[in-house]
Amino acid sequence: GSEMCIRDSFKWLGLVGCYLLMMFYTVVCGWTIAYFVKAAMGTFDGTEDVTMVFGSMLGNPMELTGWMLLVAVIGFGVCAMGVQKGVERITKAMMSCLFVILLILCVRSVTLPGASEGLRFYLIPDFSKMAENGIGEAIFAAMGQAFFTLSLGIGAMAIFGSYIGKDRSLTGETLNICVLDTAVAFLAGLIIFPSCFAFGVDPGEGPGLVFVTLPNVFNQMAGGWIFGALFFIFMTFAAQSTIIAVFE
């Protein structure tokens, strides 16, 4: 009886958690689609202030709602096609392409003038700051990040785990996921922080950082609009894969 009770309460907690996650994820995925369109149309060719583009998009609820609804429709569409047929095929190709673009952006970002300050900020630990804010606080933040980035909480990873065949070792898959996820996060940091310092953007800006610093990097690249459009379309697929898992 008590086991049934625990299972039932977890079921509802899982559903509520997924709803809460989606309130954030569908909106941000909408931003990436919007930026794909903007990049493809040449918005980031150096003529417009990137910060203003982001600000005006956030200040337009109709535009944001439209993109968010599109994300939701795509998510339901893929789930209707079937996760393995739909998600697995598309995501594999897209993630490989995203990885290649991340490597190219890394090289461009760390060679920007003024990038060395950003590398120092990113890679050299400042333990005095940790002590100032409390070691426990730092550990708590790191654990929160780990749970979020690996989708460990509220059963999200269990959804994909249920599709794994008996021929695969869960431990092996787990290690692969941790290594790949950390590698991508590390590369993202190598792109974001040097470019923050190169363009004088506050590195503590949160989720908006990608949408403010990266278009500036694309401006500095030959054929930057192509890289911008590709980056944001691959990012859309990365975000959409999580959305599909949670919808599932």
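Among contacts in the protein chain that join residues at least 6 apart in sequence, 74% link residues at least 24 apart. The model described here is predicted.

The protein chain has 11 helices and zero strands. Read from the N terminus, the order of elements is therefore α-α-α-α-α-α-α-α-α-α-α.

The overall dimensions come next. For 248 residues, a compact globule would have a radius of gyration near 18 Å, and the 20 Å of the protein chain agrees with this. Along the principal axes, the C-alpha atoms fill a box of roughly 65 × 45 × 40 Å.

Whole-chain values are listed in the table.

| Property of the protein chain | Value |
|---|---|
| Share of the 248 residues that count as buried | 33% |
| Positive side chains | 11 side chains |
| Negative side chains | 17 side chains |
| Distance between the centres of the two charge sets | 11 Å |

Ser195 lies in helix α9, which covers residues 170-199. Its relative accessibility is 0%, so Ser195 counts as buried, the cut-off for buried being under 20%. The side chain of Ser195 reaches the backbone oxygen of Ile191 at 2.7 Å. When neighbours within four places in sequence are left aside, Ser195 is in contact with Ser109, Leu112, Thr213 and Val217.

Notes. Residues numbered from 1 in each chain as written. Predicted model: local features only at pLDDT ≥ 70, side-chain atom pairs only at ≥ 80, totals over all residues. Heavy atoms only, no water. Helix = DSSP H or I, 4+ residues; strand = E, 2+ residues; numbered from the N terminus. Rg over C-alpha atoms; globule rule 2.2 N^0.38 Å. Buried < 20%, exposed > 50% of the residue type's maximum accessible area, 1.4 Å probe, protein only. Contact = heavy atoms within 4.5 Å. Lys, Arg positive; Asp, Glu negative; His and termini not counted. Charge placed at Lys NZ, Arg CZ, Asp CG, Glu CD. Polar contact = N/O pair within 3.5 Å; in protein donor to acceptor, adjacent residues only side chain to side chain.
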